[in-house]
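Here are my notes for you on this model. Keep the sequence and the 3D view open while you read, and look up each residue as it comes along.

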Amino acid sequence: MKFINRCVVTLKPRQPFIDWAKGLGTDLPEDWSFEGGSYLLDEQETEEGLEAAVTNYARDMMENELSAWEEDPGRWPRQRDAEALKSWFDVHVSVAGFDLGAESLMRADLSDLEVM
């Protein structure tokens, strides 16, 4: 097990996100508990710093979650700030991350990946 010097933000879809996804006309999961992403943020010294980091990255996180279901930003909700993120997702923050994987971590820009 290896310590990762990052805070971990985990998003789980709430009903507003699920309702939006239902309106897209795509195949939806029966069990939403496996949906949502985890995001690594720089370590923070204080709770205020951690809250500020989540606020600063709220739009990026929300847009990434939306893009997994719909590529056209025109079909996304207009409000994509921290308030919207907390309305559309359960936001759980862990102050430490641990790597249990046996393989090396891969880091790549999303634009460099063929399938996301």
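The points below go from the core to the aromatic rings, then to the charged pairs and the surface.

1. Ground rules. This is a predicted model, so local features need pLDDT of at least 70 and side-chain atom pairs count only at pLDDT 80 or more, while totals for chains, interfaces and linings use all residues. Residues are numbered from 1 along each chain as its sequence is written, and side-chain values use heavy atoms, with hydrogens and water left out.

2. The core. Start with the largest nonpolar core, which has 25 residues. (A nonpolar core is a set of buried Ala, Val, Leu, Ile, Met, Phe, Trp, Tyr and Cys residues joined through side-chain atoms within 4.5 Å; buried means under 20% relative accessible area, exposed means over 50%, and partly exposed is in between, with a 1.4 Å probe and protein chains only.) Phe17 and Trp20 have the most contacts inside this core. The elements giving it two or more residues are β2 (6-13), α1 (15-22), β3 (38-42), α2 (47-67) and α3 (82-88). Helix α2 supplies the largest share, seven residues. (Helices, H or I with at least four residues, and strands, E with at least two, are DSSP runs numbered from the N terminus.)

3. Who does Trp20 touch? Which residues is Trp20 in contact with, leaving aside its neighbours within four places in sequence? They are Leu66, Trp69, Glu70, Arg75, Trp76, Pro77 and Trp88. (Contact means heavy atoms within 4.5 Å.) Trp20 counts as buried, at 13% relative accessibility.

4. Aromatic pairs. The whole structure holds eight aromatic pairs. One of them joins Phe17 and Trp20: the ring centres are 5.5 Å apart and the planes are at 45 degrees, so this pair is tilted. (Rings of Phe, Tyr and Trp, the last by its six-membered ring, pair if their centres lie within 6.5 Å; planes under 30 degrees apart are stacked, over 60 edge-to-face, and the rest tilted.) Phe17 and Trp20 sit three residues apart in helix α1, which puts about one helical turn between them.

5. A pair across the chain. Phe17 is buried, with a relative accessible area of 1%. Phe17 also forms a tilted pair with Phe89, 5.0 Å centre to centre and with 45 degrees between the planes. Because Phe17 lies in helix α1 and Phe89 in strand β4 (residues 89-94), this pair ties together parts that are 72 residues apart in sequence. Phe89 is buried as well, at a relative accessible area of 1%.

6. A search of the whole structure turns up six salt bridges. (A salt bridge is a side-chain nitrogen of Lys or Arg within 4 Å of a carboxyl oxygen of Asp or Glu.) Take Arg6 and Asp42, whose closest N and O atoms are 3.8 Å apart. Arg6 is in strand β2 and Asp42 in strand β3, so their pair ties together parts 36 residues apart in sequence. Both are partly exposed: Arg6 at 25% relative accessibility, Asp42 with a relative accessible area of 48%. Next come Asp90 and Arg14, with closest N and O atoms 3.3 Å apart. Asp90 is in strand β4 and Arg14 in the loop between β2 and α1, 76 residues apart.

7. Glu63 and Arg59 form a salt bridge, with 3.0 Å between the closest N and O atoms. Both lie in helix α2, four residues apart, or about one turn of the helix. Salt bridges with shared partners join Arg59, Glu63 and Arg80 into one network.

8. A spot in α3. Ala82 is in helix α3 and is buried, with a relative accessible area of 16%. Not counting residues up to four places away in sequence, Ala82 touches Thr55 and Ala58.

9. The surface. Which residues make the nonpolar surface patch of about 540 Å²? They are Met1, Phe3, Phe98 and Leu100. (Patches are made of residues with over 30% relative accessible area and no salt bridge, with like charges joined within 9 Å and nonpolar side chains, Val, Leu, Ile, Met, Phe, Trp and Tyr, within 5 Å; areas come from the Shrake-Rupley method with a 1.4 Å probe, and for residues only the protein chains shown count as cover.) Phe3 lies in strand β1 (residues 2-4) and is partly exposed, with a relative accessible area of 48%.
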